[in-house]
Amino acid sequence: MRRLLDLPDLRQKFAKGLTGPQMLAFLPALCLSAYWIGGEVPLVLCALATPLVYAVFGGFCGWSSAEQADAARAPDVNRVAQEFLEIAQHTGQTTACFKITIPELDQIAHRFGANIAGESRDLIAARLRTSLRASDYVFRSEGTQFTVLISPGFRLRLDNLIDLGKRLREAAETSLVLDGTTHTLTACIGIASSLNFGRNVTANVWLQSATDAMDEAVMAGASTTRLWSDRLARRNRSRHTLRQDIETALDEGAIQAYFQPQISVRTGEVSGMEAFARWLHPTRGVLPAAEFLPAATDSRQIVRLGRSIFLQAVTALHHWDESGFNVGTVSVNLSEEELRDPELPGRIASDLDRCGIPAHRLVFDIPETLMNKAADDMIRRNLVSLAGLGCGLDLEGFGLGGCSITVVQQLPVTRLKLDKSLVHGAAASEDRTRALHAVLAISERLDLPAVAAGVETIEDDSLLRDLGCAHAQGFLYAPPSSAADTKIWLESRQALKIPRTGAKIRHIR
């Protein structure tokens, strides 16, 4: 149970009482006593000497030190978390921890400096407190994260926590206006309720569980919430195992490039291939990139992974050329870590020259969220340099609102890749059709061809053709598959001479 007063608290309060400026309130009484004892001379001496002596012996400094001590004694997140857990365990109540991350704070710090970023964090923390009770706590870090601890209560069921998470997100995602510009914020939230833990759980385990839930939300996408559970913990342990194994997998060539064709919507011919990373795991089968990219990032293997997929992609393109297939271009993804490498453009140019591949046949997919970081000098420099080589730049995920038109116009983007959420099922919904039409109209106005991802039905294919979309890819045409199986698909398509949906690639199990 929380102790109301302990010995250090009493000493602190007593010292503060004796060393504060309130002690000067006793000056009239001292002067009056001096007058009664000795008359006017002692009165004058007492009135002049008492404040001077008080200052010399540190009375005013003592007050300042006491205030600083109070600041130094600000609540510690681990101590408060442990207290809340103990109270909840002894009283049968429930407490909860919310971990919140707002990635845009990194961009604000880079653009406006540490002071403005700190003020922004303070403002967001204040907004979060408006959704909480006086007994709850908000802790902010120097980065992008906030920790919210909910004091124990009897009505903190799952639905209550989800509702509170919604209110916290609304508070956290309120736009910031900096230097006359409005900055949109997105928040990912992880929640850990004390109901999911045993009586012996520690504050460190509880806080880490909320962090794990937050990391899961980040992987799910912007503005998402995840609750900690045993299942989530198992997935986290699995990712930890992947982090340990990924370097060996790269050494042994177990992570391979799989390819999905891009189709010209107008002619039905193959206009390119996109390379995806797939891990041929010995016990878990073929793992998609989403399952091991966090492990690659955490283990600092993401740059090596990107280079491996790039080299496999240009090698496959070279082999398709030798086999007489007119594939067009090959697209590969670039991570933020790769784009911050000053040697990236030179290395790409050297690799293309060695493989005999013209630069215009290589396209780099740049996530829409990463384009917002192009104010970074190194990222911008590398994007411009890659475009200068003749490489294409696809803005991936366009249409979700994560990147402004101004940013698109300022960077050497060559195509807009529409997010699959805009495309999938668009033909069956008037609202989605109008949204897709609007995005394609922007593409036309910007004179940037569009690539529609996630096409799965003939109806969506027909709609894209009617709306003037240039290229499309999706399971309607073929799923991602290995270079060998992609060659078989190309051979079948060439033999059948089917202009639109051809033979399907068989899956490797």
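Let's start with confidence. This is a predicted model, and the mean pLDDT of the chain is 84. Of its residues, 84% reach 70 or more. Where is confidence lowest, and where is it highest? The lowest mean is 44, in helix α4, residues 59–72. The highest is 97, in strand β8, residues 255–264.

Two stretches need a flag. Over residues 1–16 the pLDDT is below 50. Beyond near neighbours in sequence, residues 1–16 have 16 contacts in the model. Residues 60–73 are also below 50. Where pLDDT is low, the predicted coordinates should not be read in detail.

Now the overall picture. The chain has 509 residues, and 44% of them are buried. Its secondary structure comes to 21 helices and 17 strands. As for the surface, the chain exposes about 26,100 Å². Carbon and sulfur atoms supply 55% of that area.

Let's go inside, to strand β6. This strand covers residues 188–193. How many of its six residues are buried? Six of the six, so β6 is largely enclosed by the rest of the structure. Look at the directions of the side chains. C188, G190 and A192 point one way from β6. I189, I191 and S193 point the other way. In a regular strand the side chains alternate between the two faces of the sheet. Here, the residues pointing either way are all buried.

What does β6 pair with? One partner is strand β1, residues 94–101. β1 and β6 pair in the antiparallel sense, over six bridges. Take F98 as an example: its bridge partner in β6 is I191. Then there is strand β7, residues 225–227. β6 and β7 run parallel, and three bridges join them. Here I189 has T225 as its bridge partner in β7.

Between β6 and β7, look for helix α9, residues 203–220. β6, α9 and β7 make a β-α-β unit, and the unit is left-handed.

Is M214 buried or exposed? It is buried, with a relative accessible area of 1%. Which residues does M214 touch, leaving aside neighbours within four places in sequence? The contacts are K99, I100, T101, Q145, C188, I189 and G190. Among them, C188, I189 and G190 are residues of β6. M214 and T101 are 113 residues apart along the chain. Their C-alpha atoms are separated by 7.5 Å.

On to charges. Side chains of opposite charge can pair when their charged atoms come close. A search of the whole structure finds 21 salt bridges. I'll show three of them.

The closest N and O atoms are 3.9 Å apart. How are R434 and E430 placed in helix α19, residues 430–445? They are four residues apart, so about one helical turn separates them. E430 is exposed, at 61% relative accessibility.

Next, E173 and R169. This salt bridge has its closest N and O atoms 3.8 Å apart. R169 counts as buried, because its relative accessibility is 13% and the cut-off is under 20%.

Then E142 and R140. Their closest N and O atoms are 3.0 Å apart. E142 is exposed, with a relative accessible area of 61%. R140 counts as partly exposed, at 28%.

R300 has a positive phi, near 60°, and is a residue other than glycine. It lies in the loop between α11, residues 289–298, and α12, residues 302–322. R300 counts as exposed, at 76% relative accessibility. D447 is not a glycine either, and it has a positive phi of about 60°. Where does D447 lie? In the loop between α19 and β15, residues 450–452. D447 also counts as exposed, at 66% relative accessibility.

Methods. Residues numbered from 1 in each chain as written. Predicted model: local features only at pLDDT ≥ 70, side-chain atom pairs only at ≥ 80, totals over all residues. Heavy atoms only, no water. pLDDT = per-residue confidence, 0-100. Helix = DSSP H or I, 4+ residues; strand = E, 2+ residues; numbered from the N terminus. Contact = heavy atoms within 4.5 Å. Salt bridge = Lys/Arg side-chain N within 4 Å of Asp/Glu carboxyl O. Buried < 20%, exposed > 50% of the residue type's maximum accessible area, 1.4 Å probe, protein only. Pairing = 2+ DSSP bridges. Right-handed = clockwise from strand over helix to strand, strands pointing away. Areas by Shrake-Rupley, 256 points an atom, 1.4 Å probe, with all protein chains shown as cover.
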